[in-house]
Amino acid sequence: MTIDLRSDTVTRPTAAMRAAMAAAEVGDDVFGDDPTVNALQARVAAELGKEAALFMPTGTQSNLCALMSHCQRGDEYLVGQMAHTYRWEAGGAAVLGSIQPQPLAQAADGTMALADIEAAIKPDDAHFAVTRLLALENTWGGQVLPPAYVQAATALAHGRGLATHLDGARLFNAAVASGVAAAELARPFDSVSICFSKGLGAPAGSALAGSRDFIARAHRIRKMLGGGLRQAGVLAAAALYALDHHVERLAEDHAHARRLAEGLAGLPGVTVLPPQSNIVFVDLDPARAAGVVERLRARGLLCTGLYRLRLVTHLDVGAADIAAALTILRETL
Ligand SMILES: Cc1ncc(COP(=O)(O)O)c(C=O)c1O
């Protein structure tokens, strides 16, 4: 038996989700004809409190459409040094959007110092790129961004004429973990990207939400990037199913993450960061870390990391898997 804690992207669609996909009414979404895609877009806009939303193949494309919709060629966006849009999306903003990233240092909780944000906004001077956008990410490494920080950072950006984008790949994890509605977490941002293919358990799909004008621009950019899908209703049906059935249950994943953290606490040479949602980070002293991912794999537990292991709970791991994972971890570490 293998227990796969590498990511919450490894989930497979459940039988009920597959049934919803098979039953989906579809049409050619490039013509705007897919009723299931249209229903999903309306639902996402309503859930996130925005005027409009657009179905996207992936979170990467959704973030890139957002950046390109906010920024023109030669503009700049402010972003965390370790943020997904900057570090883990193959440099798409620069390569495909000609947008200059201005990465800023982040504290352990994902926040950037407000003074650093302020100082990075370039003056109106021909030497500089035009700073156009601030991008944040929630959850950040499984942690909910501090609400006071989100308010302060977005207010600072808006006050200086910048737009704001949220990479909310795991926004529903943040909502469930904090007990604050997704629309409330989305409110300070001009645009928000969410993913259905992570904790929500769909096989593919993301969505971008914002104003009607913003989404109209993103729609053209999505086409340009090759993201105009045809009978995408089969995927939108999975996303709708996930919104109906897989949001509240994220609390189970969070409880499993806490269970893992509690079970590992106190092991010598092992430091566990208390999880807020579904991601557990485990720091190992170097003596224990050598080959640990391979040793865990040999015992049937898949995870990622080097000195810091990353264990992600999700729809396809139950309480018994967590107990078994703990036994393997304790014996191996
Ligand atoms: C925070 C964050 N943003 C964006 C993405 C990109 O999503 P996708 O893999 O669908 O392109 C991911 C994927 O892991 C992510 O973790």
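Predicted model: local features only at pLDDT ≥ 70, side-chain atom pairs only at ≥ 80, totals over all residues.
1. At what angle do the axes of helix H12 and helix H15 cross, and within what distance do they come? The axes of H12 (residues 250-264) and H15 (residues 319-332) cross at roughly 25° and come within 10 Å. Angles under 35 degrees count as roughly parallel, so H12 is roughly parallel to H15. Their crossing is right-handed.

2. Here is who meets whom between these two helices. On the H12 side you will find His256, Arg259, Leu260, Gly263 and Leu264, and they meet Ala319, Ile322, Ala325, Leu326, Leu329 and Arg330 of H15. Sorted by class, the contact of H12 with H15 has seven nonpolar residues, two polar ones and two charged ones.

3. H12 has another partner to look at. Helix H8 (residues 171-178) and H12 have axes that come within 9 Å and cross at roughly 75°. That angle makes H8 roughly perpendicular to H12. From H8, the contact draws on Phe172, Asn173, Val176 and Ala177, while H12 brings Leu250, Ala251 and His254. The residues of this contact of H8 with H12 divide into five nonpolar, two polar and no charged.

4. While you have H12 on screen, find Ala255, which lies in this helix. Is Ala255 buried, partly exposed or exposed? With 32% relative accessibility, Ala255 counts as partly exposed. Ala255 and Ala177 are 78 residues apart in sequence, yet their C-alpha atoms are 9.9 Å apart in space. Ala177 is also one of the H8 residues in the contact with H12.

5. Next, please turn to helix H1 (residues 15-22) and helix H11 (residues 233-245). They pack with their axes 8 Å apart, at an angle of about 135°. This makes H1 oblique to H11. The crossing of H1 and H11 is right-handed.

6. As background, nonpolar side chains tend to be buried together in soluble globular proteins.

7. Setting aside its neighbours within four places in sequence, Leu40 is in contact with Phe55, Phe196, Ala236, Ala239, Leu240 and Leu243.

8. Which residues does Ser62 contact, leaving aside its neighbours within four places in sequence? They are Met56, Ser193, Ser206, Ala207 and Leu208.

9. A few backbone details deserve a second look. As a general rule, most residues other than glycine have a negative phi, and most peptide bonds are trans. In this model, the peptide bond from Asn138 to Thr139 is cis, with omega near 0°. Thr139 sits in the loop between strand S5 (130-137) and helix H7 (147-159).

10. Two positive phi values are also worth checking. Ala90 is not a glycine, yet its phi is positive, at about 60°. You can find Ala90 in the loop between helix H4 (84-87) and helix H5 (92-97). The relative accessible area of Ala90 is 73%, so this residue is exposed. Ser98, also other than glycine, has a positive phi near 50°. Ser98 belongs to the loop between H5 and strand S4 (100-104). Its relative accessible area is 32%, and Ser98 is therefore partly exposed.

Notes
Residues numbered from 1 in each chain as written. Heavy atoms only, no water. Axes fitted to C-alpha atoms, helices over the stretch in contact; angles between N-to-C directions. Helix = DSSP H or I, 4+ residues; strand = E, 2+ residues; numbered from the N terminus. Parallel < 35°, antiparallel > 145°, perpendicular 65-115°, else oblique. Left-handed = near helix turned anticlockwise from the far one by under 90°. Contact = heavy atoms within 4.5 Å. Buried < 20%, exposed > 50% of the residue type's maximum accessible area, 1.4 Å probe, protein only. Nonpolar A, V, L, I, M, F, W, Y, C, P; charged D, E, K, R; others polar.
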